[in-house]
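Hi everyone, thanks for making time.

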Amino acid sequence: MRLLDTKTKRFHWVDDPRTVSYAILSHVWDKSSDGSPLEQTYRDLLAIQADYPDGPVDDARLSKKIRMFCGVAYRDGYRYAWLDSGCIDQSSSAELSEAINSMYDWYRHAAVCYAYLGDIGRNQGSIPSKPFDKSVWFERGWTLQELIAPNVVIFCSADWGVIGTKHSLAKVISEATRIDVAILTHSQRLESVSVARRMSWAARRKTTKVEDEAYSLMGIFGVHMPTVYGEGSYAFFRLQEEICRQIPDQTIFAWGNMLGRQLDRFTFSAPHPARPRSPPRRDSSRAEVAESNKRYLFANSPKAFRSNSRLVPISQNELAQRLGKKDVNYPMYTTTPYGLRTRLPLVIASTDRIASPAHLAFLACQDEKGQVVALVLRAPNQATRAEYSVGAVQKEDILPTDPQRAQQDVFMLISHYFRTVALSPEELSDAIKHIVRSDIYIPSRPSHAISEAELDRHAHSLFVSKSPTSVALAPWSRTVLDKEGYNVETLQGFPGPRSSSDIFTLSPGVASLDVRISLDKTAPITLRVGHCNCQYGQEHGFLSVAVVSQAEGPPFGIQRATSADHSIDFRDHIAYWPRHAGSAFREIKPSGVSQGTTLRLTFSRGHASVGLPATRSPDLVLSMEVQEANFGARPTIGEGYILRREVPEAATADQATAVSGLDGDTADGDSKDPGKSTLWGFLKSFIIAK
């Protein structure tokens, strides 16, 4: 451990931090306007020390934070001090990994921890400018262990005045962080708190790097693992795998929503995991596309545990007694290509609140009422192995004015997807005679965790929003179009001039954007971008792209592109398009053109553009690509721009035939004869307009 001498400001190395008394700093890194750190690093301090080989370092060369921290520590009698920004050589991945794995112990063994709240100033005398628990320090991921681990934490304001200590302010801190006072004051062992509750403490905290959501929690759970920056959410999956190896607490599986129940009761039957599954009913088949990140055994972020803090683990012996079993089952967890293999008590349960019967896997934990909690499992279609996914969709009549439709559809909104259920003592008594212990396989994480987990985390916030959503055009498109000979110009249909940097705002029931694609001037295809006309779009904010031809409505006055009576996983809803690397895309095949010609729409997360303030960053960026059978892909853009491909004047009208539908993807399902049009006709006129 590399310490900083508070008097000479030179480094001092110790092999065992328990053999020396030192002060430690907990703080939020200062950043510049562009987000880069402003802290002095180990290399910076090393360079300064090199200029003073024979004596103490000139304090004026050090940052104010380091000077004040060393001064306060020296005043309080500590010869050595440690801070993460200046005492870790972050250019060395090996040293950084060792420091992260040792961080909790370093804070635990410190004689005192100074928590510097740089955003808490003072108005008059000793009165803080705002409540200290509103500091951003309480929102950061790393400061969770820095709050819990030390015995003494002294909170300091921006001018290094003392606000109070962790013990004297324990009740206020507990209310702000939801951490038990007994944990803060060390009168209760951290190991006695359930995994789910410890995870919930981090659910509302943020980290700059997604990997730190996992790395900052290793000390909280007493586990160690290599750090690999660049692995994304896979780090959090690895953390949970390591926790399962060392802590026999099944609350780690009980994250997410629990089935809300009132008077309904389950009916039970014995499972037959080796028997081939019968095809599910029509409504339950859509569950395969609902909230894919929740079907796995492990969560992809601590945020998933936000509402699960009250779950309490019970022993396997107590679970066996409650289930009427004489022998005790101690489950082991083995990673296989089919998922995590383990042995759990199973029963088939049916209720009117679930579309199809589900398997309940009993966990060794209970809710605040003392009811045993079970994991809800679904079996894939026609599976012969005991393979399951987690969770199901709760039936909710969210369309009371249309009871016929409510009977036909299961509405897979986020709030209706649940993973666990708590059984009353009466239900547990009914289930006991049907329970069978069985070896099962449950997928623990997405196969492409680095990309897909990141995508799932943000999917609904991107494409499902009741708030106004801003859309901009991909900046690279104009460059590509100019190079390929397209002219991009505005249309008179817009109220005023437009440019490629325009940002359009879509609001439910108010604004939408028409993208008109003409293969000639008589039969355009119009894409309407906005909140869908259906119940999901108007009440829940589902964005859609609907497709119609000119024959189905005037190009600038389409009232309804498709019927509003469709399911939540309808093809027009962007939230259910295929995805890759954080973007949603859809390919359509225009009829009447050469075989193999496709249009590809892509929606990606918005980003700040050069020359535009961050406040003008769009929520989504739209791009289009035209892939022609003989010429490859030509990227183009849409949303209110005319795109024309220059063609020889000799081209006749007979060489450009109208396109009024899409092969297999039209609003009415009809398509034209591809033989009636040529690729030349497609190139002659390509117009995109609002």
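A word on the ground rules. This is a predicted model, so local features need pLDDT of at least 70 and side-chain atom pairs count only at pLDDT 80 or more, while totals for chains, interfaces and linings use all residues. Residues are numbered from 1 along each chain as its sequence is written, and side-chain values use heavy atoms, with hydrogens and water left out.

Let's start with helix α2, residues 64-75. Helices (H or I, at least four residues) and strands (E, at least two) are DSSP runs, numbered from the N terminus. α2 has twelve residues, and from its first C-alpha to its last it reaches 16 Å, close to the 16 Å expected at 1.5 Å a residue. That expected span is 1.5 Å times one less than the number of residues.

Which residues of α2 are buried? They are Lys 65, Ile 66, Phe 69, Cys 70, Val 72 and Ala 73. Seen down the axis of α2, these buried residues fall within an arc of 165°, so they line one face of the helix. The arc is taken from the directions from the helix axis to the C-beta atoms. Buried here means under 20% relative accessible area, exposed means over 50%, and partly exposed is in between, with a 1.4 Å probe and protein chains only. On the other side of α2, Lys 64 and Arg 75 are exposed.

And what covers that buried face? The cover includes β1 (2-5), β3 (22-26), α1 (42-50), β4 (80-82) and β5 (112-116). After α2 comes Gly 77, with a positive phi near 95°.

Now to the core. A nonpolar core is a set of buried Ala, Val, Leu, Ile, Met, Phe, Trp, Tyr and Cys residues joined through side-chain atoms within 4.5 Å. The largest one has 102 residues, and Trp 82, Tyr 114, Phe 155 and Leu 239 touch the most other members. Helix α4 (residues 93-109) gives the most to this core, with seven residues.

On to charges. Side chains of opposite charge can pair when their charged atoms come close. A salt bridge here is a side-chain nitrogen of Lys or Arg within 4 Å of a carboxyl oxygen of Asp or Glu, and the count by this rule comes to 24.

Take Asp 327 and Arg 437, whose closest N and O atoms are 3.0 Å apart. This pair links distant parts of the chain, 110 residues apart: Asp 327 sits in the loop between α13 (316-322) and β12 (334-336), and Arg 437 in strand β20 (residues 436-442). Asp 327 is partly exposed at 46% relative accessibility, whereas Arg 437 is buried at 17%. Shared partners also join Asp 30, Glu 39 and Lys 65 into one salt-bridge network.

Last stop, the hairpin. β27 (residues 579-580) and β28 pair in the antiparallel sense over two bridges; strands count as paired if DSSP finds at least two bridges between them. His 580 has Ser 583 in β28 as its bridge partner. Two residues lie between the strands, and Ala 581 in the turn has a positive phi of about 50°. β28 (residues 583-588) is mostly covered, with five of its six residues buried.

Technical notes
Contact = heavy atoms within 4.5 Å.
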